[in-house]
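Look at the sequence and the model first, then read on.

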Amino acid sequence: MPSIPWRPRVILSGRNFRLPVQATDDNIALTADQFETIATRWCERDTARYYYLRSPQKQGDYTLIATHSGNTEETTIQVRTLDDMRQPHTHNGAQWPRRWPLGQNYQPTKTRQTLQNDPRTERLNEETIAWWSSQPDHVLWSQLPPAELPKAHFANCHQGCPNCGTAIFKYSGFYPWERNHLPCDFKSQCPNCASIYPSNNLIKEDYISGEYADDGYGYFDAEGHIYLFAATYHRDQCRAYHAGINALTDSLRATYLDEERTRKLGLMLLRYATEELYLAAVPQFRYGPSKGVEEPWDWGQPDWAEESDPVAALSRKGTIRYSIDTPYLIESLALAYDTAWPLLREDTELVERARAFGLSLQGPEDTCTIDVEGLQDIAAGDRITINSNGRAHSYRIEAAEQLSAHIHRLTLDITSILGRAKVVAIEDNKIDFGFQIPAKSGNLHGTRLQTDDWAVITNAHNSSTWPPGKIRTTITIDPNNNKLQNLSPGTWVQVVDYVIGDPVLFEPLCRG
Ligand SMILES: [Zn+2]
C-alpha cells in the first residue's frame with residue numbers, strides 16, 4: 001500500500017508545499033488534478049517520492065490519490081483564500097482564526113497616534129534604510145518567505161560544515177554561517193572554507209538541483225546527517241524583514257512622513273499581516289517549538305489544530321517568528337503602524353498597489369470623517385469650508401450620514417493633517433522644526449498645531465539653513481489661542497487644518 005504520511009490540512013490558494021508518498025519502491029503515481037507539479041524526486045533513504053506542488057487558485061476541498069501496484073491511498077486538502085480563512089469558524093472545538101476578538105470580524109479602533117512619545121533611535125542605520133527605501137513593490141513583497149517553508153534555529157551543531165566539518169565552529173558557535181539577506185537568496189556560506197549551500201535555488205522554486213539540495217526540510221549527507229540550511233536561513237530572513245520595518249520606522253520618525261517611504265513601510269506591514277492572518281487560521285505553518293539541535297521533521301510540520309486541546313497545544317508556539325521573539329516583534333509592528341498611520345488611514349494609492357498582490361482591500365483603513373452639528377440637507381458632492389475664520393480650506397464631501405436630528409457624519413476628500421514634525425527649539429511663540437514641513441508656508445497660516453491639545457498658527461515661513469539646500473520651517477503660534485501645555489524641544493506635533501469645535505461653512509450645490 002502506498003501511504004501519504006503528511007499533507008497540509010488547509011493551505012492558502014497558490015502556495016507551494018511538499019507532499020510525500022511512501023511505498024516499497026518508486027512505481028508510484030499521483031493524481032492531483034488542479035495542483036501544479038513544480039518538481040518531483042524519489043528519495044531512497046525515506047523510500048518516498050516527494051512532490052513539490054502548487055495549490056490551485058480556486059478554493060475547494062481537493063482529493064489527491066496515490067497509486068502503487070494497484071493499491072491506492074487518498075487524502076484531502078482544503079484550499080482556501082485569505083478572505084475565507086478570516087471568517088470566524090470552529091474546528092476541533094476551538095474558534096479560528098486565533099485573532100482577537102475571537103469569533104468576531106475585525107473592526108479598526110485606532111483614532112489617533114499613541115506611541116509617538118516613545119524614545120527614538122539615536123543612530124539610524126542608513127544602509128538598511130537606503131536598501132528598503134529603494135526596492136520596488138514586488139521585491140519588498142517577496143522578502144518575507146512564504147510560511148509553508150519550515151524554520152529552525154540550528155543548521156547543524158554536530159558535524160558543522162559538509163566540506164570542512166567542525167572547523168566552522170571556531171567562527172561563531174552554533175550560528176557560524178554567513179548570509180546576505182538583502183535581498184533574500186537562501187544561501188549560506190561557510191566562514192572557514194567559503195563553501196556555499198544549498199546547491200538548489202529556492203527563490204526560483206528550484207527544490208532539487210545539485211548535490212547539496214535542501215528543499216526546506218534540510219540537506220542529508222551520505223551518513224544521514226541533516227543540515228538545515230534553508231530552515232535556519234528562513235528564520236534569519238524573518239529577522240531581516242523585521243529589521244527593515246524598524247529601519248523605515250526609525251527614518252520616518254527622525255524626519256517626516258515621506259509619502260513614498262511610508263507606503264513602502266505600509267506594504268511591508270500588509271505583507272506581514274497577510275502571513276500572520278494565515279497562521280492565525282492555519283497553525284500548521286507556525287514556527288513551533290525550539291529544538292536544541294538540528295532535527296528532521298516527521299515528513300512535515302505537525303498540525304496542532306488537530307490535537308485534543310488545540311488551544312493548549314498552541315502554548316509557546318510562535319507564529320512567523322519564534323515564540324520568545326514575539327513581544328519585541330509586536331512592539332516594532334505597533335510602532336511602525338502608529339508612525340505610518342496618518343498616511344495609511346487615507347491613502348488610496350497603497351490600497352491599489354497592495355491589490356496587485358491579491359489582497360482584497362476595500363479602501364484605506366479609515367477615511368476622513370468629521371461630525372458636524374446644525375447643517376441641513378447636506379449630501380455627497382457638496383463642499384464645506386472648515387475653520388472659515390482661519391485657513392478657510394474647502395473640502396469636498398464624499399459621503400454624508402445623518403447620525404441624529406442635528407448631527408451629520410461627513411466623509412471628506414482629504415485629511416486634515418498637513419504634516420508632522422519634531423519641535424527642535426522654542427523661543428517666545430516661535431517654534432523651529434529643523435526641517436521642512438512639506439507644505440507651502442502660506443498654506444500653514446491659520447492652521448493648528450496639535451498634540452493632546454492645540455494652538456493657532458498665526459505665521460509660518462520656510463528658510464534655508466546650512467548646509468545649502470536644506471530648508472527648515474519655523475512657525476509662530478498665537479499666545480491668546482494656545483492651549484498647549486509643556487510644549488518642549490523633542491515633542492512631536494501635527495499641523496492640522498482643523499480641530500474639534502471649529503466652525504464649518506456649508507456651500508450647498510444648487511439642486512434642480
Ligand atoms: Zn566549511
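Pro101 sits in the loop between β9 (94–96) and α2 (126–133). Helices here are DSSP runs of H or I with at least four residues, strands are runs of E with at least two, and both are numbered from the N terminus. This is a predicted model, in which local features need pLDDT of at least 70 and side-chain atom pairs count only at pLDDT 80 or more, while totals for chains, interfaces and linings use all residues. Residues are numbered from 1 along each chain as its sequence is written.

The peptide bond that leads from Trp100 into Pro101 is cis, with omega near 0°. Another cis bond runs from Leu182 to Pro183, with omega near 5°. Pro183 belongs to the loop between α4 (169–172) and β10 (188–189).

| Residue | Phi | Loop |
|---|---|---|
| Thr47 | about 40° | between β4 (36–43) and β5 (48–54) |
| Asp428 | about 50° | between β19 (425–427) and β20 (430–432) |

Thr47 is not a glycine, yet its phi is positive. The phi of Asp428 is positive too, and Asp428 is not a glycine either.

Are Thr47 and Asp428 buried or exposed? A residue is buried if 20 or more other C-beta atoms lie within 10 Å of its own, exposed if 12 or fewer, and partly exposed in between, with C-beta atoms placed from the backbone. Thr47 counts as exposed because it has 12 C-beta neighbours inside 10 Å. Asp428 counts as exposed because it has 8 such neighbours inside 10 Å.
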